[in-house]
Amino acid sequence: MSVRTIKGNRLFWKITTVFTGLLIVLGIVFVVIASNFSRSYYTAAHQELYGDIAQHLATFTQPFKNGQPDTSVTHDIIHSTMVANPSVEVYLLDTAGNIKDYVVPDKTVQIHQVNIAKVKQWIAASNMHRPMGDNPKQPGEPSIFSAAPVYEKGRLVGYVYAVLASEKQKAILQSLDNNLYLRLASYMFYAALAVAFIVGIVTFFLITDSICHIAAVVKRFKEGDYTARIEGYAKGNLGMLTSTFNEMADVIVDNIDKISATDKFRQELIANVSHDLRTPLSIMQGYVETLMMKKDELAAADREKYLAIVYDSNRKLSVLVEQLFQYAKLEANLITPQKETFMIAELAADIMMAYQLKAEEKNIRLNIQASDNLPLVFADISLTERVLQNLLDNAFKFTPAGGTITILLAETNAGVKVAITDTGVGISPEDLTHIFERYKQIHPRSPGAKGMGIGLAIVKKILELHQAVIIVSSEPGKGTTFNFELQSI
């Protein structure tokens, strides 16, 4: 048996135990409430049925004579009444509530006075609102009773006090209660069992139906239908399961798209690396073979020329490999900017100086325009240098002889705006949205436009690490401008 099955069984038995315990508690509560309700109902009914006994005895028996109980007249009638209704116990009271006479064994009477206020309250009360009174046989246990005043020659001489719930009645009720408890418990057990069975069947059907629907959607997703989503369960645990699966499916689909894009990137990488690295390697191999085969036949000038070509090809190969390595680290988020404050104008001037010889060889003018008192920028100086170099390299590729490349530095509210403008061939509007894509070469056939097409992609990645956005504006035949903003402190 697996661990999952054991845990599932434990959960099942826990739920079963809790549910069974709840039913037992509810059953006990129901039995107690039903018993109390039946007892209250019986008491109220007995009160209403036999509440007039005292009035009848006071009216028809004349229990007092000259202010004293007339036992010769009343005992037989009262005794007959108690025989006809064994639950009734009759007492004769004086006006203060003292018991003057009764027809019960003397030893069983525990008190000889009842609360006369309760008697008067009972006489004045309406039906269903009559109070409980004293039971002479069981002091401290209120009992239902019946009372009536007795008048002699228009003068109140006492009361007839009839206890309607005698010891015999309580014994009978106790026996009935025990039987009632047993029957109610039996009925509750079988009723709870039936309800639990019905609820279990219905719940099992609803849960399994929902689970089957969810399982069908999961199976569709597993078989390749990545649009499959669970619908229709917005609340409860199934709602949580639904939202979790749908979110998981979205993440999986997004990861699949990223994997597909990565795979496409890998294929493009291999193709571009194979193409761009093959050319300098082929040139190097050809000239090295020539030097090896004709080393004694070549003139010194030719050997110098061939070695220069090999050196240039090796330099280009190094640049391509270094760019590839740089972009791979940026793609993998392995580069963390080491920010510091520095003067962007000095960095731009140093870079322009380094490119001056190249500009003279290509007959291109280099200009730098910087505002006075530019603030210090807060950035990674080496990465910022790479951005400027790549943008300048891109400008050199597409600027013909006689053109101009300008670096403009201007202060803004947040820092310094950097713009690199050339007077090159420009970029068409439909190509502007693609220039920062990796390995995208807008003018692959332009003279001098050789490379892997990732220079601008590297620029964008570096600026993203600085929370900066690069913006390009261009017009075919008139040139291109790249600008971005570095923050100051």
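**Exercise 1. Determine the handedness of the crossing of helix 7 and helix 11, and describe their contact.**

Step 1. Helix 7 (residues 300–331) and helix 11 (residues 455–465) pack at an angle of about 35°, and their axes are 10 Å apart. Axes here are lines fitted to C-alpha atoms, for helices over the stretch in contact, and angles run from 0 to 180 degrees between N-to-C directions. Helices (H or I, at least four residues) and strands (E, at least two) are DSSP runs, numbered from the N terminus.

Step 2. The crossing of helix 7 and helix 11 is left-handed, a term for a near helix turned anticlockwise from the far one by less than a right angle.

Step 3. Helix 7 makes the contact (heavy atoms within 4.5 Å) through Q323, Q326, Y327, L330 and E331. Helix 11 contributes G455, A457, I458, K461, I462 and L465.

Step 4. By class, the residues of this contact divide into 6 nonpolar, 3 polar and 2 charged. Gly counts as polar in this scheme.

The model is predicted: local features need pLDDT of at least 70, side-chain atom pairs count only at pLDDT 80 or more, and totals for chains, interfaces and linings use all residues. Residues are numbered from 1 along each chain as its sequence is written, and side-chain values use heavy atoms, with hydrogens and water left out.

**Exercise 2. Give the strand order of the open sheet of 5 strands and trace its pairings.**

Step 1. The order is 8-10-11-13-12, with mixed pairing. Two strands pair if DSSP finds at least two bridges between them.

Step 2. Strand 8 (365–370) and strand 12 (471–475) are the edge strands, each pairing on one side only. Neighbouring strands of this sheet are turned by 15° against each other on average, direction ignored.

Step 3. Strand 10 (404–411) and strand 11 (415–422) run antiparallel, joined by 7 bridges. They form a hairpin with 3 residues between them, and T406 stands opposite T421.

Step 4. Strand 11 also pairs with strand 13 in the antiparallel sense, over 8 bridges; G415 stands opposite Q487 there. Strand 13 (residues 479–487) pairs with strand 12 in the antiparallel sense over 5 bridges, with S473 opposite T481.

Step 5. Buried means under 20% relative accessible area with a 1.4 Å probe, protein chains only.

Step 6. Helix 10 (residues 381–398) lies across strands 8, 10, 11 and 13, and runs at about 175° to strand 13.

**Exercise 3. Which residues touch the most other members of the largest nonpolar core?**

Step 1. A nonpolar core is a set of buried Ala, Val, Leu, Ile, Met, Phe, Trp, Tyr and Cys residues joined through side-chain atoms within 4.5 Å.

Step 2. The largest one has 45 residues, of which I344, L391 and F484 touch the most other members. Helix 10 gives the most to this core, with 7 residues.

Step 3. Not counting residues up to four places away in sequence, L391 touches I420, L456, V459, I470, F482 and F484.

Step 4. A second, separate core of 15 residues includes I53, V150, V157 and L164.

**Exercise 4. Describe the hairpin of strand 5 and strand 6.**

Step 1. Strand 5 (residues 145–152) and strand 6 (residues 155–163) run antiparallel, with 8 bridges joining them. E152 stands opposite R155.

Step 2. There are 2 residues between the strands, and K153 in the turn has a positive phi of about 55°.

How values were computed:
Buried means under 20% relative accessible area, exposed over 50%, partly exposed in between (1.4 Å probe, protein chains only).
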